[in-house]
Amino acid sequence: MKPPVPTYLTIAEAGRLIAQKKLSPVELTKALLKRIETVDPSLNAFLLVTGQKALTAARSAEKAIMAGQKGPLLGIPVAYKDIYETAGVRTTAHSRILLDNVPKQDAETVRRLHDAGAIMLGKLATHEFAIGGPATDLPWPPARNPWDTRRFTGGSSSGSGAAVAAGLALGALGSDTGGSIRLPAAFCGIAGLKPTPGLVSRRGVIPLAPSLDTAGPMAWTAEDCAILLDALAGHDPADPASVAVPVGGYAKGIEAPIKGLRVGVLRRFFEHDAPASPEVMRMMADSIRLFRAMGCKIEDAALPPVQDYNGVGRVIISSEAYALHEATLRTRLSDYSRVFRIRVLAGALIRAADYIAAQRRRTDLIAATAEAFKRFDVLICPPVPDAAPLLAEQRPDDGFARPLITTVANVAAVPSMVVCAGFTTTGLPLGLEIMGPAWADGLVLRVGHQLERAAGTRDRRPA
Amino acid sequence: MASPPPASAPIISPAEIQILVSRAGLVLNPGQVADLVLAWRQVAGLIGAMNRERRIADDMALVFRLPPPTTTAPAVAKRAAPAKQAKEPPPQVKPAATARSQPAGKAKTPPRLAPAKQSAPKSPAKARRR
């Protein structure tokens with residue numbers, strides 16, 4: 001009798017077992033499809049499960065392994081936020097507008113993962129067109145948090161956060177324009193990286209605000225994000241923002257010691273700009289203690305106020321999102337969710353002078369942030385002031401005025417990741433955000449990995 | 001020359017919003033106008049608070065990127081290339097395999113948003129499994 005497939009595996013663990021021929025990609029895929037069937041009705045993480053395609057790909061991966069091929073993603077089942085185009089597979093952006101949209105080709109990122117041997121399990125829930133909040137007036141319900149299904153996953157990569165946390169997929173792709181990878185990573189207790197803009201191609205990812213959009217990995221651990229980034233990163237001449245820089249070695253470099261690293265604590269962010277709950281304050285104190293124990297030099301750091309970054313980010317997002325959707329808003333307004341309309345329609349009223357002022361101010365904020373990295377290797381803060389809120393507390397008109405720390409990294413064009421650094425007394429995960437200077441994605445992953453391990457949070461899964 | 005101090009974003013009445021909305025080609029019902037008034041007040045607050053103290057000379061141009069010269073460039077241009085450039089090692093980058101034949105700026109664009117449809121959407125239960 002074959003041993004059962006473990007319920008929870010990281011990409012690194014599964015990759016090792018598959019390479020040693022102790023785990024069959026077909027058996028792993030079957031186990032995950034079964035788990036999706038059992039668990040997902042209470043989570044709504046998947047909009048579409050591509051079971052037959054997944055099994056076909058798993059059989060191909062198994063053949064390749066038996067033929068001697070190797071690779072860290074060969075035979076690894078993953079899933080994609082439903083704004084990633086997938087050839088022949090419906091891609092809706094969780095919207096009635098694209099209900100029948102079947103792309104002819106894969107997003108560049110999807111192609112890269114498939115070339116590396118990853119297996120697509122299906123398409124994941126998002127906020128409509130990656131903006132807004134949970135909506136009940138769309139063809140699919142919003143995703144729910146596996147740690148407590150009454151709670152919000154965070155967004156907009158809501159299905160990606162829920163699926164990875166619940167062990168329905170070993171990894172996922174998300175997108176991040178103002179925090180959409182890192183917010184669900186924080187609320188769902190997983191790891192998520194918003195890479196440096198230009199490192200990962202956005203070709204074939206339905207855009208929200210091209211000035212700020214980034215595509216990136218989400219997984220149970222920082223190490224798994226590094227494995228995914230090794231496949232995802234690389235120049236794509238067809239994405240005008242893609243930059244030809246040396247890439248790779250993210251997973252390989254993750255164990256290098258962080259002793260002597262200069263860690264800046266963005267204390268004003270969570271004590272003043274977006275005041276944190278007592279439990280988040282405790283998590284920050286614990287994380288600082290762990291960094292000290294690992295030999296890092298800790299000091300308070302200062303950046304311009306969160307509200308400065310937020311104002312710039314939200315003016316750019318509203319303007320660009322409105323411009324992209326204007327024609328459809330004119331003809332199919334009522335087919336969009338109310339929360340989408342509230343977030344995007346204001347873009348119709350923003351003057352060109354204000355949009356350009358936001359872009360000019362962004363240049364200053366990029367420079368001010370880069371200046372801070374002359375004194376520090378990484379900057380840390382909580383991405384959100386508290387653990388996951390109740391879904392019922394989410395209001396469609398909420399959000400513009402509330403300061404959002406994650407938007408700082410989008411506006412500043414730096415890499416940023418969230419890892420699980422602790423739990424509340426009621427067992428909800430708490431995330432820590434780590435920002436690095438542009439192109440230091442490997443360093444951010446390394447710091448995230450070592451903090452995650454020191455905090456000992458990766459052995460605890462949702463009940 | 002420093003920019004003049006920013007003017008706070010003006011408060012717009014629902015009637016004025018209606019005019020701007022019409023100018024944008026949108027048709028909103030009263031509830032949608034009310035939502036927009038609320039959203040606009042929040043955005044207007046952010047615009048009003050935005051720091052604009054920046055020298056006018058700080059922005060020389062908007063950023064754009066020209067495509068690289070084509071391989072059919074005049075032979076004379078090839079001969080003019082300095083020898084030392086040829087010795088520079090190529091950057092170690094992973095090219096996008098499917099993009100090799102595509103010139104910059106010719107990326108496959110995301111789907112055009114679909115035209116209006118009369119039929120009701122599929123039920124979530126039907127749409128969910130494929």
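So, how much space lies in the second largest cavity? About 50 Å³. Keep in mind that this is a predicted model.

Let me stay with that cavity for a moment. Its lining includes A:Ala186 and A:Phe187, then A:Val280 and A:Met283, and also A:Pro429, A:Leu430 and A:Gly431. In terms of elements, H6, helix H9 (278–293) and strand S11 (429–435) of chain A each put in at least two residues. S11(A) has the largest share, with three residues.

The largest cavity holds about 70 Å³ of space. Its lining has 13 residues, and nearest the centre you'll find A:Thr126, A:His127, A:Pro134, A:Ala135 and A:Pro142. That lining splits into seven nonpolar residues, five polar and one charged.

Okay, on to pockets. The second largest pocket comes out at about 790 Å³. There are 41 residues lining that pocket, and A:Gly132, A:Leu183, A:Arg343, A:Arg402 and A:Leu404 are the ones nearest its centre. H6 turns up here too: helix H6 (182–188), helix H10 (306–332) and helix H11 (338–345) of chain A each give at least two residues to the pocket lining. H10(A) gives the most, four residues. By type, the pocket lining has 20 nonpolar, 15 polar and six charged residues.

Last bit: a helix pair. Two packed helices are described by the angle and the distance between their axes. Here we have helix H2 (residues 25–39) and helix H3 (residues 51–66), both of chain A, with axes that come within 8 Å and cross at roughly 160 degrees. Angles over 145 count as roughly antiparallel, so H2(A) runs roughly antiparallel to H3(A). The crossing is right-handed.

Who's touching whom? On the H2(A) side, the contact uses A:Pro25, A:Val26, A:Thr29, A:Lys30 and A:Leu33. From H3(A) come A:Gly51, A:Ala54, A:Leu55, A:Ala58, A:Arg59, A:Ala61, A:Glu62 and A:Ile65. Sort the contact residues by type and you get eight nonpolar, two polar and three charged.

That's what I have for today, thanks.

Methods. Residues are numbered from 1 along each chain as its sequence is written. Chains are lettered from A and ligands numbered from 1 in the order in which they are written. This is a predicted model: local features need pLDDT of at least 70, side-chain atom pairs count only at pLDDT 80 or more; totals for chains, interfaces and linings use all residues. Side-chain values use heavy atoms; hydrogens and water are left out. Axes are lines fitted to C-alpha atoms, for helices over the stretch in contact, and angles run from 0 to 180 degrees between N-to-C directions. Angles under 35 degrees count as roughly parallel, over 145 as roughly antiparallel, 65 to 115 as roughly perpendicular and the rest as oblique. A crossing is left-handed if the near helix is turned anticlockwise from the far one by less than a right angle, and right-handed if clockwise. Contact means heavy atoms within 4.5 Å. Ala, Val, Leu, Ile, Met, Phe, Trp, Tyr, Cys and Pro count as nonpolar, Asp, Glu, Lys and Arg as charged, and the others, Gly among them, as polar. On a 1 Å grid over the protein atoms alone, a cavity is a set of points where a 1.4 Å probe fits but cannot get out, and a pocket is an open set with protein on both sides within 12 Å along at least five of seven lines; lining residues have an atom within 4 Å of a point. Grid points are joined across faces, edges and corners, and a volume is the space filled by probe spheres set on the points.
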